[in-house]
Amino acid sequence: MVESERDSRDGVTVGAAAELVGVTVRTLHHWDEIGLASPSVRTTAGYRQYTDADLQRLHRIVAYREAGLGLDAVREVLDDATAEIGATLREQRAQLAERIQDLQQLDERLERMTEAHERGILLNDEAQSEIFGADWDAHRSRQARTVWGDSVQWAQFAERSASRTREQWQSLSAAMSTLQLDLGNALDQGFLPGGPEANALVERHREVFSHFFPLTRQMQVCLGRMFESDPGFSAHYDGIRVGLASWFRQSIDECARAHGIDPETATWQ
């Protein structure tokens, strides 16, 4: 240290004090402004300097700050002769324990969100089969990320999946199963696409499906095409009732027309 930074009578400059205690000059200026720790002497040239006693106070402030105490609490510990330092530190530990618990919960939510974006449904294969039925293909479900992973809808699906419980999946699966059963019954009863009964079922489908991600009417038209053209989906619907995949696609198209949408030009939006 150069002689101009310290002499035995006066002390050290703010820059030297900051280096000695491991904080910035700006921090020392702030502590000075709020009256927490100030240089107590001046040189003959009028410069303020920190004495050894001042430096000891700075070291104590740094120690309690590193323990997590706020500046007001540090001031109380240092300046109030009646302050129970042990009690203050125990309170700080209690607050820290709460924060640790909050951070652990946040970490768990982040983990579930990450897994949901990567896997979709956060259930093991056995649980998925129990909930969605023996014909459910968990592997194909995971492959959906390959097709849809870059879409807004996949992100929305993952965000909802991350917080969905097994019971909620069961409830949603039951709603889908009931809807599909009602679709088959509607075909049996000869309800025509575009009729009130068919339209009501199309609306139910859009409502139930929107639990996965918001489904617009145009997007529903695109799904209807896929239900009819995709071998896996068409086999599923035709397995409920022969011809159901085509009937359902036609019903979706007619319902869209009733709402001013041309199914021939509908796009995924």
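Guide: Start with aspartate 253, which counts as buried at 7% relative accessibility. Buried means under 20% relative accessible area, exposed means over 50%, and partly exposed lies in between (1.4 Å probe, protein chains only). This is a predicted model: local features need pLDDT of at least 70, side-chain atom pairs count only at pLDDT 80 or more, and totals for chains, interfaces and linings use all residues. Residues are numbered from 1 along each chain as its sequence is written, and side-chain values use heavy atoms, with hydrogens and water left out.

Visitor: Which side chain does aspartate 253 meet in a salt bridge?

Guide: In general, side chains of opposite charge can pair when their charged atoms come close. A salt bridge is a side-chain nitrogen of Lys or Arg within 4 Å of a carboxyl oxygen of Asp or Glu. Here the partner of aspartate 253 is arginine 249, at 2.9 Å from N to O.

Visitor: How many residues apart are arginine 249 and aspartate 253 in helix 13?

Guide: An α-helix has 3.6 residues a turn, so residues three or four places apart point the same way. Arginine 249 and aspartate 253 are four residues apart in helix 13, so about one helical turn separates them. Helices (H or I, at least four residues) and strands (E, at least two) are DSSP runs, numbered from the N terminus.

Visitor: What does the salt bridge of aspartate 79 and arginine 57 link?

Guide: Their side chains meet at 3.0 Å, N to O. Aspartate 79 is partly exposed at 44%, as is arginine 57 at 23%.

Visitor: How many salt bridges does the rule give?

Guide: The count is eleven. Glu203, Arg206 and Arg217 are linked in a network of them.

Visitor: Which residues of helix 1 are buried?

Guide: In helix 1 (residues 14–21), Ala16, Ala17, Ala18 and Val21 are buried. Just after helix 1, glycine 22 takes a positive phi of about 80°.
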